[in-house]
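Please have a look at it first.

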Amino acid sequence: MSEQVSVTGSTRRGFLRSAAIVGGAVATIAAIGGGPLATVAHAAPGPGPADARSDGAGRSVAIFGAGVAGLTAAHELIERGFEVAVYERKELGGKARTIFSDKGLPGEHGFRFWPGFYRNLTDNMRRTPFPGNPNGCWDNLTRATTYLHSGAGRHDLTIPFPFPVPAIPSPITPQNFIDSVASVFETVFRLPPWEAVFAAQKLGVFVTSCDERKLGQWDNVAWNDYMRADWSSPEYGRFMADGIIRNLAAIKSANASTLSIGIVGEATVWSVLTFGNDEGGSVDRVLNGPTSTRWLDPWVAHLKGLGVQFHVGWELEGFDISGQRVASAQVSTPGGRQSLDADWFISAIPVDKFQPMIDEKMLAADGTLADILQLETDWMNGLQFFLRERAPVTTGHVNYVDSPWALTSISQGQFWKGGLAAYGDGSVQDCLSVIISDWNTPGMFNGKKARDCTPEEISAEAWAQIKAHLNDTDDVLRDGMLHSWMLDPAIEGSGTPAVSNDEPLFIQSPGSWALRPTSATGVENMFLAGDWVKTDVNVTTMEGANEGGRQAVNALLKAAGSAERPCKIEVLAKAPWWEPFKAVDRERYRAGQSNVFDIFDARTP
């Protein structure tokens, strides 16, 4: 293997991107529609009585965490005349930031993408200036036009995203076409017909389920249980369970809430059909360069220009709560421990970092916050392979469906303005940015779990798994192409019993919806922001983090009695033709009956 690139400075994370993967798979089975849970949608509160204070008193806000949620809250508050200070323990941008190595090569916590149904995050991007762009940072998004479903020892399936019709046709070559047709026939002949019917029926059950059933029943059922993967053939499990679903936001089908998988699957199907999409209508978008340079750095610069104060290296240690209010916050700083005073406090830190903040005084003010202690996280971290040659595997994302480490990737050079030659020593032409979503299953070649491997072993095994998928029908990757690699530095102590992950992701395990808090809490001047609070999009995403930030601001405005306009929160598109079926199901659910279409595997509440 080639040399590892060591890390100095910033880190950047990848994220959920497999919504397009899930939706593409669902769409190949049935063009089902759907929308969000009506009870999940967050209507912005109306303006309260006019704020009598105009001298700045009562308008200071301390925000902890400078990831997407914290930056969103800061953006919305500073535009509404509040005094905003943001405190970040690591680096600005949170998990979304770019990691520049000591060789000057841009890596990341894991690649990210912007599905078409992202509409809140993209609004902030439009409002963030970027030189030469009339629509700010939003203009730095570029369209991905295909998805590759790659198997090991099997033909690969290329799924184009044809709507809207791209200016440049998707590169579906004769070889792509032949492989895709062969892949479909391989699956058709290996999948028993009754299993295909059963899968279609279960998808139909979900989209016709009322919100009460989705929240009260399906959220408590794991996806592989809902789809009965344990009853079925290996081919069925490969397609409908772990082969695809485990790549969604670090969730594996055994611990993925059916509610969360269903919501993002429905949203993606609609996105493919250009219904409910952000302007432009593309199901899959990526940035045209490193995340920090094309978006996060301009965002921070814009907020600084508006008056937001940033403090890096300041870590929240706890809140001093007196009665129903936060009196002050305790933080560790480069200069020692300090007590911070503010009128309002927003915690925009990840759930695993907020859980230690919950103490007896906080629970005395709001006992429901104890549920947060039961929320779970999992590992989903990035590994970049820097290449001496271009390797545009497909014009979008790749799912290595037979990889035990649940690998996904994207070739970034084809999307970046100027490519990657401007970074490092100039010899890197492409970056195969990979996400490892399963750190607990033995590898395909070394037989070891990723969390038990050294960084070198992780790199060698992931590279071998990818080659096993791509080189089985063509010569796509060669060892000589590899310039260097970089593992997400959030993985600490690799290859030792003390291995840990400083930046895990929140997962939507069965029953987690009831445990997730709202942005408003029983602590009158403390609000929660992030992708782990209750949001309409539900799943761990940048959109969810943005939505959580907006919710926290709206809750603060309401508590302050402010006349400032609340943040608008766009919700997922809703299919009107399912409403009659949902009305029937609502009565059946209340009567303790199964969904009317739940025939082969009837489940009662």
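This is a predicted model: local features need pLDDT of at least 70, side-chain atom pairs count only at pLDDT 80 or more; totals for chains, interfaces and linings use all residues.

**From the surface to the salt bridges**

Let me begin with Phe600, which lies in the segment after helix H16 (579–590), where helices (H or I, at least four residues) and strands (E, at least two) are DSSP runs, numbered from the N terminus. Residues are numbered from 1 along each chain as its sequence is written, and side-chain values use heavy atoms, with hydrogens and water left out.

Phe600 counts as exposed because its relative accessibility is 53%; in these terms buried means under 20% relative accessible area, exposed over 50%, and partly exposed in between (1.4 Å probe, protein chains only). Together with Val197 and Ile599, Phe600 forms a nonpolar patch on the surface, with about 330 Å² of accessible area between the three of them. Such patches are made of residues with over 30% relative accessible area and no salt bridge, like charges being joined within 9 Å and nonpolar side chains (Val, Leu, Ile, Met, Phe, Trp, Tyr) within 5 Å; the accessible areas come from the Shrake-Rupley method with a 1.4 Å probe, and for residues only the protein chains shown count as cover.

Now to the charges. Side chains of opposite charge can pair when their charged atoms come close. If a salt bridge is a side-chain nitrogen of Lys or Arg within 4 Å of a carboxyl oxygen of Asp or Glu, how many salt bridges does the count come to? By this rule, the count is 37 salt bridges.

One of them joins Glu76 and Arg127, with the closest N and O atoms 3.0 Å apart. This pair links distant parts of the chain, as Glu76 sits in helix H2 (residues 68–78) and Arg127 in the loop between helix H3 (121–126) and strand S7 (141–143), 51 residues apart. Glu76 counts as buried, at 2% relative accessibility, whereas Arg127 is partly exposed, at 23%.

Glu235 and Arg154 form another salt bridge, their closest N and O atoms being 2.8 Å apart. Here Glu235 belongs to helix H8 (residues 234–240) and Arg154 to the loop between strand S8 (146–150) and strand S9 (157–160), 81 residues apart, and both residues are buried.

Lastly, a network of salt bridges links Arg89, Lys90, Arg97, Asp352, Lys353, Asp502 and Glu503.
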